[in-house]
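Take a walk through this chain, starting with its charged side chains and moving on to its fold. Look at the structure first.

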Amino acid sequence: MESQDLRNAGLKVTLPRLKILQILEGSQTRHLSAEDVYKMLLDSGEDIGLATVYRVLTQFESAGLVERHHFSDGRAVFELAPDKHHDHMVCVKTGKVIEFYNAEIERLQAKIAEEHGYEIEDHSLVLYVRPLSAGKG
């Protein structure tokens, strides 16, 4: 993404928006909280306040540039809007977020909705997982 993407989303190109977009694009962690983004900005020498980070992330969400998720700890995390749908697993031990896609799960969800007289408009699936014990198997 770049400044043109901000314009295409109907957002004025500003330094805070560009810097926050760069953080989201450059981070090895795909799911970042506003506090994570703020700390990364501070570490890179940027003088952008936490309130501005929250405001920009909310603007990005409204414009469809990012998606907001609320996982088990209750805090919001943001990821760049994915090109393709995916679901999430969250490790309850480490907090690690794993993205996955499974065609069978998608098919079953559509079937269940249809059986109840609905079609899926959108959905979010989060599995809360823990590592398998070495002794099980």
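A salt bridge here is a side-chain nitrogen of Lys or Arg within 4 Å of a carboxyl oxygen of Asp or Glu. By that rule, Glu 61 and Arg 68 form a salt bridge, with 2.8 Å from N to O. The model is predicted, so local features need pLDDT of at least 70 and side-chain atom pairs count only at pLDDT 80 or more, while totals for chains, interfaces and linings use all residues. Residues are numbered from 1 along each chain as its sequence is written, and side-chain values use heavy atoms, with hydrogens and water left out.

How covered are the two partners? Glu 61 is partly exposed because its relative accessible area is 29%. Arg 68 is partly exposed too, at 30%.

Now the fold. Helices (H or I, at least four residues) and strands (E, at least two) are DSSP runs, numbered from the N terminus. The chain has five helices and five strands. Along the sequence they follow the pattern α-α-α-α-β-β-β-β-α-β. The C-alpha atoms fill a box of roughly 50 × 45 × 20 Å, taken along the principal axes. Of the 137 residues, 29% count as buried.

Contacts come next. Contact means heavy atoms within 4.5 Å. Among contacts with a separation of 6 or more, 45% are between residues 24 or more positions apart.

Return to Arg 68. This residue lies in strand E1. What does Arg 68 touch, not counting residues up to four places away in sequence? The list is Thr 58, Glu 61, Ala 76, Val 77 and Phe 78. Gln 109 is 41 residues from Arg 68 along the chain, and their C-alpha atoms are separated by 22 Å.

A search of the whole structure finds seven salt bridges. One of them joins Arg 30 and Glu 99, whose closest N and O atoms are 2.7 Å apart. Arg 30 sits in the loop between helix H2 (15–26) and helix H3 (34–43), and Glu 99 in strand E4 (residues 97–100), so the pair ties together parts that are 69 residues apart in sequence. Arg 30 counts as partly exposed because its relative accessible area is 38%. Glu 99 is partly exposed at 30%.

Another bridge joins Arg 75 and Asp 36, at 3.8 Å from N to O. This pair also links distant parts of the chain. Arg 75 lies in the loop between strand E1 (66–70) and strand E2 (76–80), while Asp 36 belongs to helix H3, 39 residues apart. Arg 75 is partly exposed, with a relative accessible area of 38%. Asp 36 is partly exposed, at 22%.

Ile 48 takes the reader to a buried site. This residue lies in the loop between H3 and helix H4 (50–62). Is Ile 48 buried or exposed? Ile 48 counts as buried because its relative accessible area is 7%. Leaving aside neighbours within four places in sequence, Ile 48 is in contact with Pro 16, Lys 19, Tyr 38, Leu 41 and Val 53. Lys 111 is 63 residues from Ile 48 in sequence and 47 Å away in space, C-alpha to C-alpha.

Patches are made of residues with over 30% relative accessible area and no salt bridge; like charges are joined within 9 Å, and nonpolar side chains (Val, Leu, Ile, Met, Phe, Trp, Tyr) within 5 Å. Lys and Arg count as positive and Asp and Glu as negative; His and the chain ends are not counted. The place of a charge is taken as NZ of Lys, CZ of Arg, CG of Asp or CD of Glu. Glu 67, Glu 119, Glu 121 and Asp 122 gather in a patch of negative charge.

Glu 119 lies in the loop between helix H5 (103–115) and strand E5 (126–129). Glu 119 counts as exposed because its relative accessibility is 73%. Ser 124 is found in the loop between H5 and E5. Ser 124 is exposed, with a relative accessible area of 55%. Its C-alpha atom is separated by 15 Å from that of Ile 112, twelve residues apart along the chain.

Conventions. Areas by Shrake-Rupley, 256 points an atom, 1.4 Å probe, with all protein chains shown as cover. Buried < 20%, exposed > 50% of the residue type's maximum accessible area, 1.4 Å probe, protein only.
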